[in-house]
Amino acid sequence: MVRPYRVRSPRRAAGLAGAILALTFSLVPPLAAGDDFRLSHQVVPTAQSIDLRLDPSLDDYRGSTSIQLEVKEPTDSFMLHSEETTITKANLQGAAGAVEVSFADAGQNRTRFTSSQALSPGTYTLDLQFESPYNTQAIGLYRMESEGVGYAFTQFEPDDARLAFPCWDEPEFKIPFTVAISVPEGQLAVSNTPIVEQTTADGWTRFAFAQTKPLPTYLVAIAAGPLETTPMNGLGVPGKIVTVAGQSQYTQLAKEMTPPILRALEEYFGGPYPYEKLDFIAIPEYWPGAMEHPGAVTFADRVLILDPETASLSARRRLARIIAHELAHQWFGDLVTMQWWDDLWLNESFADWMGDRITHQVFPEFRQDLSTLRSAQGVLGSDASPQQRAIRQPVVSTDSLLQSVGLAYNKGKTVIAMFEHWMGPEAFRAGVNHYLAENAWGNATAEDLWKALDEKSGRDVSQHIDTFISQPGVPLVTVEPLAEGRIKLTQRRFANHGVEIEPKQWDIPVGLKFPAGDELATRTVLLTGGETVVDLGTGETPAWIFPNAGGRGYYRWSVPTSMLTDLAARAPELLTDGERIGFLGNLGALMAGGLVDGGTYLEALSGFAADPEPMVISDALGRLDGTENAFVTEELEDEFAVYVQRLLGPAFERYGVEAKPGEAETVALLRPRILGWLGETGQDPRVISWAKETTKAFLNDPRSVDPSLVGVALALAAHDGDEKLFNEFKKRFEEAQVPALRSAYLSALGQFREPGIVDQALAYNLTGPMRPNELFTITTGVGGADNGADLVWDWTTSNLETIAARLPPGYMAYLPFIGSGCSTERLEKTMEFFSHPEHQAPGMDRTMARVAEGVEQCVALRAREGQAVAAYVTSFAAE
């Protein structure tokens, strides 16, 4: 599964909206905690057949299921999962004939079956008939409409298969499924395997599918309705792309990208794609970005459906890496599945690491390698919080999965990359493939992978990597130069300034880069204790040392101030693109930790605005976002606007507003960011005029505008746009056939700043034709306004009941993010509001703790460094 891309203002997303848009791919509905919520192994399924009768124009459906059971020890009862499903008939058959059985609700979304006599060990068949309403929150088996026509889709991870049919809804119950789906004549049904029989009678068409390989329930996929298909060739197995009516014409990019991605993965894993077919299903109403169902990978249509003539580089890169991520799961997650949800982090982080790797291999022009390093810096920042948990921890409720989304993807894949480099790529690959071969078609744990890596590398990988997996936090490695080419490395747990935090220690592969004569040398040292002395072999103290060679280490670092200043000044000369991105992230952490003052930080950061690599400049602008949020008060706004104009003026002149022949692809990612900063914060009249003219051209002909500039042009035009423009955007949103256009216009509706229009936008967010997954797009834009966070707070608290009805239950845990920012007053209001029982949901307490910590840190940082930052901004603006 892949998290969603963020829908942002030209510059930033705020509070609740930014949090939910960043996290929704892996948020899951809560389950009551307790030691007994997992099903017993006295009676287990060995195979299941499912027969559904689906008419997506109705509100409910019916079906039957036949489950082959193995009774392992005598018992007179057993349980399975069933939620919001009415079982109308149950029959149990054993070797000796029918067994009388009754059933009743057992709580925690389970049904207990009780037999009239003790069941002896052996095989049985449980036949059930049931009825169920379609879900309307885009989870379970749900219905949605596109252009007034009904469709049915599924999204089961982690435990929503029980909403669709009775089952053993836990990943370790990995069994073959045989699915049959009846739909109104003229419609189509799709599932994980090829169709083996299709019959039509009495106005219904029944599609019978081949039995699957062993699957957990969360990987079963179903789609039904008047679907369109287009073949996807060059895969080695049959494949097609499935869309709702009218979208099949926009599948060309996915069809071109998929074959080389799949071939690269087959080469890495040393064998062919392991399933009988490969379909992609584009879904308009979908919370995740994609989901790795074998043979039937589902995607949000905004990811998969792209018009080649209007698709931006960002959209194309996102499509490539999400395809790579989901196809990596076909081996790691599908072929071999986690035993239980405590290894969800490994399932997702490995696929994300592999997806990024393959994307960079197949499409190097996207520079996914740099994007991966940028994401690592984000999770390093959040992992410094004492509120964070270990990446791997016991899961006694799926509620706990809500709290580790960022860690599961970014910390996990960064740690994997660090240890892959330390082991050597070939040894790591050999260990991975040995793990897959040993556990194919079954379940495994992280320990099984560590064991394979130990065996193939000849190193104690499991011991070292466990120091990062089983405890939270980030190490800080300090470099102290000694005489005669020696240095001392020490480690402690990194913490933001003034934060009390429990000490920890790690086994850290520290990558050192330093001058050795006329050459640049690198060396990796495994720091396993509190300190060690390293002889660099240079004979004298190097002029500088960069202690994160390659930028791939999961740690913060500190060097003497003179070295830090020298590195900043000479960064393009001494450091690679990725190392410079790591330098910027580390620089921000040093300020947060009180190791660098605000003026020094901003001076060093400003120097990177002229970096030769566009993605490094883009990362510097991301750091500037945090600077503005923390330090730019109303009194400093004018000076900061001049600072932005002066800082980015040279980059604007260098890159302009139109692509130049031969420029790097990544300029297309940077250009809209420069324009957004200059137009929104810098109030540059040239950029504002450009935005208005570009928007006018786009409304006349969408293909006349560079796709990468559409979002920023519409947003800036909306900032001082009138009601006529607002209504035009609204009309275009409602009429859009291409998901990217729909998203562009919807995002722009949140960018208007005239108070009356803002009120209209927030009202439209609940009254307009929004899909559940679009609920926070407008509020993201509104939240970026000067008083936007307070407006979003008022809107959320005033409409909580309506919002709750549209969100899947687990997403409610994140609503307290409306209190984020640098306002203690808003934090206090948030804590008071969510203290009332009627406003609470499972998981909110931890969210509130994170929000409170963030606000307190922001306020403290502003008090500590605000004066130094203001002095630097004022001085820079006055030059």
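Tutor: Asp706 counts as partly exposed because its relative accessibility is 28%; buried means under 20% relative accessible area, exposed over 50%, and partly exposed in between, with a 1.4 Å probe and protein chains only. The model is predicted, so local features need pLDDT of at least 70 and side-chain atom pairs count only at pLDDT 80 or more, while totals for chains, interfaces and linings use all residues. Residues are numbered from 1 along each chain as its sequence is written, and side-chain values use heavy atoms, with hydrogens and water left out.

Asp706 sits in the loop that runs between helix H18 (685-700) and helix H19 (710-719). Helices (H or I, at least four residues) and strands (E, at least two) are DSSP runs, numbered from the N terminus. Thr230 is 476 residues away from Asp706 along the chain, and their C-alpha atoms are separated by 28 Å.

Other loops join strands. Glu84 is in the loop between strand E3 (75-81) and strand E4 (86-94). Its phi is near 55°, a positive value in a residue other than glycine, and Glu84 counts as exposed because its relative accessibility is 52%. Asn109, between strand E6 (101-107) and strand E7 (110-119), has a positive phi near 60°; at 24% relative accessibility, Asn109 counts as partly exposed. Pro158 belongs to the loop between strand E10 (149-155) and strand E11 (177-184), and the peptide bond leading from Glu157 to Pro158 is cis, with omega near 5°.
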